[in-house]
Amino acid sequence: MRPYGDTTGDGMVQVSFTLPVAHDKRAEGAALQLANRMGIDPAMVVHAKPMGDGFTFFVVYGRVNHLVDLDAVQVVERDFALLSAKEVNTVVKQRLRRKLSVVGACIGTDAHTVGIDAILNVKGIAGEKGLEYYRELKVTNLGAQVSVPELVEAARVEKADAVLVSQVVTQRDAHLHNTREMSAAFREAMPAGRRPLLIVGGPRFDETMTDELGVDRIFGRGTTPGEVASYLVHALITQRKANT
């Protein structure tokens, strides 16, 4: 199939980008050249705006001839049931027989706590309460700019069953470097049988990269607290009981 713009299958797309050049006719020509090399032909600059000294933001609209093969798309499908807060609490209480300990943080220089707070704080997001609302979960939110050694130590002190890390800052792949550093630190500090579940989330993560990054699960944009709570029950209780 092809993208849809004005009519079915017309292949029309819209992209935006910034070029390090002052806004003038030459800059718009450079934007069109880039769009052509991206496979957009014909292309039109529909918006151009100076972004400070020597930078211009563009929106380009045009046609691509590439086809999308849905059969070749690879994604991570949800392999666990979505549970209500009451169901999560019941499973944890009856089968774990203690509170499930969760430690969360933004690591490195990342100071964007909106994501981790949406999952952990009781107020949650979009009307869905966060993990602090679950009476059988013990939640420790370390906040922003937490170093990896501090996170490992907090997980040890809190006897964490799971560690949740949010990464929003992605310049120069900082989210990937920080995640690899974190997973390596936990593997060095704790034996396999005592290591907490490692979960990362953020808008720029590829959910298929769990093995490459050394984590157990990656959650992307739009993830809700209920999804995370349901996964914790699945991975830490349901799945483990089934394997014993």
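**Close-ups of salt bridges and a surface patch**

**View 1. Glu153 and Arg156 pair up within helix H4.** At 41% relative accessibility, Glu153 sits between the cut-offs of 20% and 50%, so it counts as partly exposed. Keep in mind that this is a predicted model. The side chain of Glu153 meets that of Arg156 in a salt bridge, at 3.4 Å from N to O. Both residues belong to helix H4 and are three residues apart, about one turn of the helix. Arg156 is partly exposed too, with a relative accessible area of 41%.

**View 2. A salt bridge joins Arg180 and Glu212.** Here the N to O distance is 2.9 Å. This pair links distant parts of the chain, with Arg180 in helix H5 (residues 174–189) and Glu212 in helix H6 (residues 210–213), 32 residues apart. Arg180 is partly exposed, its relative accessible area being 31%.

**View 3. Asp161 meets Arg98 in a salt bridge.** The two side chains come to 2.8 Å, N to O. Asp161 lies in the loop between helix H4 (148–157) and strand S6 (162–166), and Arg98 in the loop between H2 and strand S4 (100–106), so this contact ties together parts that are 63 residues apart in sequence. Asp161 is buried at 14% relative accessible area, while Arg98 is partly exposed at 41%. A search of the whole structure turns up six salt bridges.

**View 4. A nonpolar patch on the surface.** Met1, Val68, Leu70, Val73 and Val75 make up this patch, and together they have about 480 Å² of accessible area. Leu70 sits in the loop between strand S3 (56–63) and helix H2 (85–96). With 57% relative accessibility, Leu70 counts as exposed.

Methods:
Residues numbered from 1 in each chain as written. Predicted model: local features only at pLDDT ≥ 70, side-chain atom pairs only at ≥ 80, totals over all residues. Heavy atoms only, no water. Patch = residues over 30% accessible without salt bridge, like charges linked within 9 Å, V, L, I, M, F, W, Y side chains within 5 Å. Areas by Shrake-Rupley, 256 points an atom, 1.4 Å probe, with all protein chains shown as cover. Salt bridge = Lys/Arg side-chain N within 4 Å of Asp/Glu carboxyl O. Helix = DSSP H or I, 4+ residues; strand = E, 2+ residues; numbered from the N terminus. Buried < 20%, exposed > 50% of the residue type's maximum accessible area, 1.4 Å probe, protein only.
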